[in-house]
Amino acid sequence: MLPLQERVPLKNSLQRLSDVLVLSLLLSLLAYRLVSLHRHAHLWLIAFTCESWFTFVWLLYMNVKWTRVAYKTFPQRLSKIYHDLPAVDVFVTTADPTLEPPILTANTVLSLLAVEYPFHKLSCYVSDDAASPVTFYSLVESAKFAKLWVPFCKKHNVRVRAPSVYFSTEPQTSHSLSSDFMREWRRIKDEYEELSRRIETANEDQILSRVADGSKDFLKTDRRDHPSMVKVIWENKEGSEDGFPHLIYVAREKRPKHSHHYKAGAMNVLTRVSAVMTNAPFMLNVDCDMFANNPEVVLHGMCLLLGVDDEVFSGFAQAPQQFYGALNDDPFGNQMVVLSKKVMPGFQGIQGPFYAGTGCFHRRKVIYGSPPGPRSIEKRGNLSWEELEMIYGNSLEFVDSALQITSDYSKGLPANLSSRVEAAKKVAACAYEFNTSWGREIGWVYGSIVEDLLTGMRIHSMGWRSISLTPEPPAFLGCAPTGGPASLTQHKRWATGLLEILLSRRSPILAVMKEKLMFRQCLGYMFFLVWPPRSVVELCYALLPAYCILADSAFLPKSSELGFLVPMALFLSYNVYTLTEYLQYGLSIRAWWNNQRMQMIYAQTSWLLGFFSVLLKILGLSETIFEVSQKDQSKPTDLTGADDPGRFTFDSSLVFVPGTAVVLINLTALVVGSMRVLWQAEAGELGPGIGEFVCSAWVLLSFWPFVKGLVGRGRYGIPWSVIYKAAVPVFIFLQMCRNE
Ligand SMILES: O=c1ccn([C@@H]2O[C@H](COP(=O)(O)OP(=O)(O)O[C@H]3O[C@H](CO)[C@@H](O)[C@H](O)[C@H]3O)[C@@H](O)[C@H]2O)c(=O)[nH]1
Ligand SMILES: [Mn+2]
């Protein structure tokens, strides 16, 4: 029997050699500092501490990349082996109709309804945390359009099944001969344009008065205070020949007094609602902006989940996050190309990729806490009702569905969805999870706003491995945030959530000791989890050169000394090495530079704020919140020259304060330093040398968007309120330099 998947170890020798080269230079630098420590003051010690930390982070990064593996999948073999493919429940989450335009969600849903898979085996559930009638309306309208769209895609084997993307270009020439096709294409395009016009112009009042069917529940809904709503928008009746998957709208109950756990809470509700309605053994989850870019994506996913000798190897199958309509040269350093090409395969060589929150196929039983191996045929059936209720909550329908899943025995899908709506509403209620295992041993794990990493880590800690889904063309494509505020806020949220994980009782350090998390996988997770503390070290190191210039001292050897060669070689080889990584994947030098400098900016602004927000949480002064990213639909072509989408923008958020301070300090240092060089012919023995000046200039160059922000206008300029706030730390810093 032909295998459904193939494991491909990737060649690594050159990369390992370069990794070791950089590591040995780091170690040489540390050694040099140690032997010359006696000659220098406390600055040498600070530098040594920071550099030890960088060496540690480099080791973490090396560990992740050391053994890289990829998987190939062969979906065309699937139908020869399985006559009856398993059911898959598909989840889409949305939370805010202004930040996440409903037309985007509609496109994601349409792309999923049209995938190549037996359609009576798929059901699509949309969770709307805004309980927005506009989102509901747009799904109702999309379902009508799907009646044309899905058959069209299947008949003509359309490659990209998100209509907005498909219709953004003319059809490929192979079709253009047939006038029938062109007529149909135009008709459907017109229909789509009409659909998007209606969705984009829809306003709440209008909808509430127009859509009589099903929208009356939305009257008087406050998004923070309403009962649960579950609406079957489209039920794919048994036996129909050409149809498309079920489409169900879910808005979980929200009450101001009850914590709703953001996305993790939404995922748990989707898990339960789908369990009582269709109970598929597999689940696929995507964010509202992540459309299915490869129509065979579910088949590829099944190759990884079904095609393994032992299920333990694929607890879940994760596709890397990739982006659509991305700006040229990655100006905000968030397209994650190197991450998905280097780091994902690296994790694959250990215990498997981390769960990234979107583009992931899960085994339902894993989400329910079943361990791998023969023990997974669990005896939960022998538990008493009270015990089951303590685990799963008090819904008979849900417990029944969960027992089927954990015993690997499914009765199949219930015939009539509408009859399950009441049960579904019950499991979508706020109070359902009280005194149950939800959010701990069952479902998406609570306690961090980076719920994805945390949940994936729990799965790895149970001993499961995961597997990466990398079909060609890419499985899913989404939107990367653009502009300063959105990009920095996203990183701030991540840093906050990562520190929450690091400090929680689910920290990987504990999991490696007490559970089945592999040691190298733990180090892999640590590579991300150390972001927030890393911010402090990076900020400190970035201020060292300016400090030395202002206080007339040095933290680097003089250019005349032999020791100078070590940091210089390190600086050059590190940059050349990372640059070749970018060139290797066909990215530009600019993309490399943008990523280098954004990395520095994120570290010293977003991660730093993330670090402090967790401190405030620990002190009980504030809660951490999930700030949803703005999804931009604008394509680079829509924009005129006047409005450059790649240009860094600002607002009055606190996240801009540390960056502004860093820039002001380095500007002052460079001005003061150059004046001193001009006036004072002899440089002091202990004063700053070329090294300090280059480093300070390098920091300034990395923060160039902020330098431009100091003189920019409107949203391209740093607001005065931010500059005033930044002036305080700048002033303190300058005082410290003088007291030296
Ligand atoms: O209360 C909430 C908040 C968010 N979301 C959804 O969560 C998804 C991700 O939100 P987004 O603002 O796009 O965050 P990103 O930073 O782009 O998301 C990445 O990081 C998140 C963790 O911080 C993961 O949940 C995501 O899957 C992952 O793509 C979106 O579909 C939202 O609609 C909810 O359903 N409820
Ligand atoms: Mn997103």
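The questions and answers below concern a predicted model.

User: Which residues does UniProt list under "active site", and are they buried or exposed?
Analyst: The unreviewed UniProt entry places the "active site" annotation on Asp-129 and Asp-452. A residue counts as buried if 20 or more other C-beta atoms lie within 10 Å of its own. Asp-129 has 25 such neighbours, and Asp-452 has 23. Asp-129 and Asp-452 therefore both count as buried.

User: Where does Asp-129 sit, and which residues beyond its sequence neighbours is Asp-129 in contact with?
Analyst: Asp-129 belongs to the loop that runs between strand E4 (122-128) and helix H5 (133-156). Once neighbours within four places in sequence are set aside, the contacts of Asp-129 are Thr-94, Ala-95 and Ala-266.

User: What are the corresponding element and contacts for Asp-452?
Analyst: Asp-452 is found in helix H18, an element that spans residues 451-461 and supplies at least two residues of the shell around ligand 1. With neighbours within four places in sequence left aside, Asp-452 is in contact with Tyr-355, Ala-356 and Gly-357.

User: Which residues come nearest to ligand 1, and which element gives the most to the shell around ligand 1?
Analyst: There are 24 residues around ligand 1, and those that come nearest are Thr-93, Ala-95, Asp-287, Gly-357 and Ser-629. At least two shell residues each are supplied by strand E3 (88-94), helix H11 (262-277), helix H18 (451-461) and helix H19 (484-503). The element that gives the most, with 4 residues, is H19.

User: Which non-glycine residues have a positive phi, and are they buried or exposed?
Analyst: Most residues other than glycine have a negative phi. Ala-131, in the loop between E4 and H5, has a phi near 45°, and Asp-330, in the loop between strand E9 (316-318) and helix H13 (337-348), also has a phi near 45°. Because Ala-131 has 25 C-beta neighbours inside 10 Å and Asp-330 likewise has 25, both Ala-131 and Asp-330 count as buried.

User: Which residues are joined by a cis peptide bond, and what is omega there?
Analyst: The proline concerned, Pro-473, lies in the loop between strand E11 (466-468) and strand E12 (476-477). The cis bond joins Glu-472 and Pro-473, and omega is about -10°.

User: What secondary structure does the chain have over residues 17-35 and 655-679, which UniProt lists under "transmembrane region", and how far apart are the end C-alpha atoms?
Analyst: The unreviewed UniProt entry includes both ranges under "transmembrane region". Residues 17-35 are 100% helix and 0% strand, with the end C-alpha atoms 27 Å apart. Residues 655-679 are 92% helix and 0% strand, and here the end C-alpha atoms are separated by 38 Å.

User: Why do the buried residues of H28 line one face of the helix, and which helix do they pack against?
Analyst: The buried residues of helix H28 (residues 704-711) include Pro-705, Phe-706 and Gly-709. Seen down the axis of H28, the buried residues fall within an arc of 95°, so they line one face. The helix they pack against is H26 (657-679).

User: Is Met-598 buried or exposed, and which residues outside its sequence neighbourhood is Met-598 in contact with?
Analyst: Met-598, in helix H24 (residues 589-604), counts as buried because 21 C-beta neighbours lie inside 10 Å. Leaving aside neighbours within four places in sequence, the contacts of Met-598 are Phe-332 and Gly-333.

Key. Residues numbered from 1 in each chain as written. Chains lettered and ligands numbered in written order. Predicted model: local features only at pLDDT ≥ 70, side-chain atom pairs only at ≥ 80, totals over all residues. UniProt positions renumbered as here; feature names shortened; annotations may be inferred. Near = placed C-beta within 6 Å. Buried ≥ 20, exposed ≤ 12 C-beta atoms within 10 Å, placed from the backbone. Arc of directions from axis to C-beta. Contact = placed C-beta atoms within 7 Å.
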